[in-house]
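The sequence and the model are shown below.

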Amino acid sequence: MSIKLENSDSEVEPAPADKIGHMIEPEMDLLSVILSDFNNMFGNINWNDADHVCRQILEIPAVVSRDEKYQNAMKNSDEQSARLESEQALQQVILAVMADNMELLKQFQDNSSFKKWLSDLVFHLTCN
């Protein structure tokens, strides 16, 4: 199909500013929000080194997101399968952290609300 334009001065209207036709960036929680949620929910735990635990928690999503099975599930499966792979990858990361921080492993294993919070956080931050 060809487009014929009139030979005259004219203006082109701007493209509509709605959300059609462009990528929507996922909303990410700010680090301060994540830390605030963590402190509100688990500030009553007597961590030996709370700063170290927070640093480890903030590193976990990046490690989980590199897991090949999780990446495959994200590309080729539904959300439920991806969540399952995320939780399995998280379990492996927590076990790897065990050598460095037994406190984090203990809370992950014994505190179901902490485990759910961390699982939800990691899935939310790594799910694209």
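Where does M98 lie? M98 lies in the loop between α4 and α5. The model is predicted: local features need pLDDT of at least 70, side-chain atom pairs count only at pLDDT 80 or more, and totals for chains, interfaces and linings use all residues. Residues are numbered from 1 along each chain as its sequence is written, and side-chain values use heavy atoms, with hydrogens and water left out.

**Overall architecture**
- The protein chain has 6 helices and 0 strands, where helices (H or I, at least four residues) and strands (E, at least two) are DSSP runs numbered from the N terminus.
- Along the sequence the pattern reads α-α-α-α-α-α.
- Among the 128 residues of the protein chain, 29% are buried; buried means under 20% relative accessible area, exposed over 50%, and partly exposed in between (1.4 Å probe, protein chains only).
- Of the contacts (heavy atoms within 4.5 Å) with a separation of 6 or more, 68% come from residues 24 or more positions apart.

**Helix α4**
- The 19 residues of α4 should span 27 Å at 1.5 Å a residue, and the end C-alpha atoms are 26 Å apart, which agrees; the expected span is 1.5 Å times one less than the number of residues.
- Buried residues of α4 are A82, E85, S86, A89, L90, V93, I94 and V97.
- These buried residues pack against α2, α3 (68–76), α5 and α6.

**Helix α5**
- In α5 (residues 102–110), E103, L104, L105, Q107 and F108 are buried.
- The packing partners of the buried α5 residues are α2 (50–65), α4 (79–97) and α6 (112–126).

**Nonpolar patch**
- L95, M98 and M102 make a nonpolar surface patch of about 270 Å².
- Patch residues have over 30% relative accessible area and no salt bridge; like charges are joined within 9 Å and nonpolar side chains (Val, Leu, Ile, Met, Phe, Trp, Tyr) within 5 Å.
- A salt bridge is a side-chain nitrogen of Lys or Arg within 4 Å of a carboxyl oxygen of Asp or Glu.
- M98 counts as partly exposed because its relative accessibility is 35%.

**T126**
- T126 lies in helix α6 and counts as buried, at 7% relative accessibility.
- Apart from neighbours within four places in sequence, T126 is in contact with P61, S65, Y70 and M74.

Technical notes. Accessible areas come from the Shrake-Rupley method with a 1.4 Å probe; for residues, only the protein chains shown count as cover.
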